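Here is a short note to read alongside the model. Please keep the 3D view open and find each residue as it comes up.

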Amino acid sequence: QYSPDSVAGADGEIDPTEITLPGCSCGRSSCVAAECPCLRRGDNYSGLCLRPAEQEQQHFSRPVFECDSLCRCGEQCQNRLVQRGLRLRLQVFRTPSKGWGVRTLEPIPEGSFVCEYAGEVLGFAEAQRRVRAQAPQDPNYIIAVREHLHDGRVMETFVDPTHVGNVGRFLNHSCEPNLFMVPVRVDSMVPKLALFAATDISAGEELSYDYSGRFRNLPGTSREHKLLEEENILRKPCYCGARTCSSFLPWDSSLFSTP
């Protein structure tokens with residue numbers, strides 16, 4: 001079932017459509033960072049969140065909050081981007097060795113919003129149950145995003161587009177991707193998993209991102225670890241063809257291993 005936005009999972013534990021964040025009272029067509037509480041909560045689209053090269057030199061990145069349904073600013077506000085959804089012409093196509101993939105039919109400038117990775121938002125128990133019910137050869141679409149807070153806490157978001165999702169579910173992994181993911185919050189603390197162009201992308205080029213979260217993130221923020229040779233038997237090979245290809249798709253032992 002196609003859905004442009006994430007929906008509550010079958011477990012009913014998390015509803016990403018619930019409005020829990022307060023709106024701003026700016027009352028202007030476009031908010032400015034000095035006055036808007038939404039922009040003051042974290043980073044914005046003119047800041048480091050869309051400048052990965054600069055962000056690599058930082059020890060952390062600030063969260064992104066868009067203006068929401070309760071805000072008094074206009075629909076054309078500069079702080080409304082991901083919530084507008086897909087605006088590019090993308091094409092799902094059959095790749096020679098990776099199954100389905102997604103390519104762009106038009107050039108995409110660096111830093112542009114491309115699409116959301118949308119699906120059912122699940123709690124940890126349901127995400128783990130679904131993964132452990134799969135055979136090793138089955139395709140797995142569930143993504144686990146972990147945001148490391150300054151006080152040591154970790155916020156986890158699990159999205160499964162197996163049954164409900166959008167074009168993002170067809171994006172392949174690459175060890176040298178041209179997209180990167182930014183959790184963006186609009187109406188609630190449940191983030192939209194937004195994919196942005198990491199570089200200028202030409203028309204006809206396949207779109208990809210790093211499933212592990214290593215790309216332009218601090219080392220060690222992924223739970224992927226070096227595995228024994230026998231564990232590698234369970235892993236899916238990577239066919240991205242990148243010069244630095246790690247040979248296998250990313251592996252998260254806390255969620256994707258069998259008991």
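**Notes on the core, a pocket and one serine**

1. Start with L207. Beyond its neighbours within four places in sequence, L207 is in contact with L90, V102, R103, T104, I108, V114, L171, N172, N178, L179 and I201. Bear in mind that this is a predicted model.

2. Now place L207 in its setting. The largest nonpolar core has 20 residues. Within this core, V114, L171, L179 and L207 touch the most other members. In soluble globular proteins, nonpolar side chains tend to be buried together.

3. Which elements give two or more residues to this core? They are β5 (113-116), β7 (143-148) and β11 (192-197). The largest share, three residues, comes from β11.

4. Turn to the second largest pocket. Its volume is about 310 Å³. The lining of this pocket is made up of 18 residues. P16, Q83, V186, D187 and K192 lie nearest the pocket's centre. By class, the lining has seven charged, six nonpolar and five polar residues.

5. Last, look at S174. This serine sits in the loop between β9 (172-173) and β10 (179-185). Is S174 buried or exposed? S174 counts as buried because its relative accessible area is 8%, and the cut-off for buried is under 20%.

6. What does S174 touch? Not counting residues up to four places away in sequence, S174 touches S208, Y209, D210 and C240. Its side chain also reaches the backbone nitrogen of E176, at 3.1 Å.

Terms used:
Residues are numbered from 1 along each chain as its sequence is written. This is a predicted model: local features need pLDDT of at least 70, side-chain atom pairs count only at pLDDT 80 or more; totals for chains, interfaces and linings use all residues. Side-chain values use heavy atoms; hydrogens and water are left out. A nonpolar core is a set of buried Ala, Val, Leu, Ile, Met, Phe, Trp, Tyr and Cys residues joined through side-chain atoms within 4.5 Å. Buried means under 20% relative accessible area, exposed over 50%, partly exposed in between (1.4 Å probe, protein chains only). Helices (H or I, at least four residues) and strands (E, at least two) are DSSP runs, numbered from the N terminus. Contact means heavy atoms within 4.5 Å. On a 1 Å grid over the protein atoms alone, a cavity is a set of points where a 1.4 Å probe fits but cannot get out, and a pocket is an open set with protein on both sides within 12 Å along at least five of seven lines; lining residues have an atom within 4 Å of a point. Grid points are joined across faces, edges and corners, and a volume is the space filled by probe spheres set on the points. Ala, Val, Leu, Ile, Met, Phe, Trp, Tyr, Cys and Pro count as nonpolar, Asp, Glu, Lys and Arg as charged, and the others, Gly among them, as polar. A polar contact is a pair of N or O atoms within 3.5 Å; within protein, one must be able to donate a hydrogen and the other to accept it, and residues adjacent in sequence count only if both atoms are side-chain atoms.
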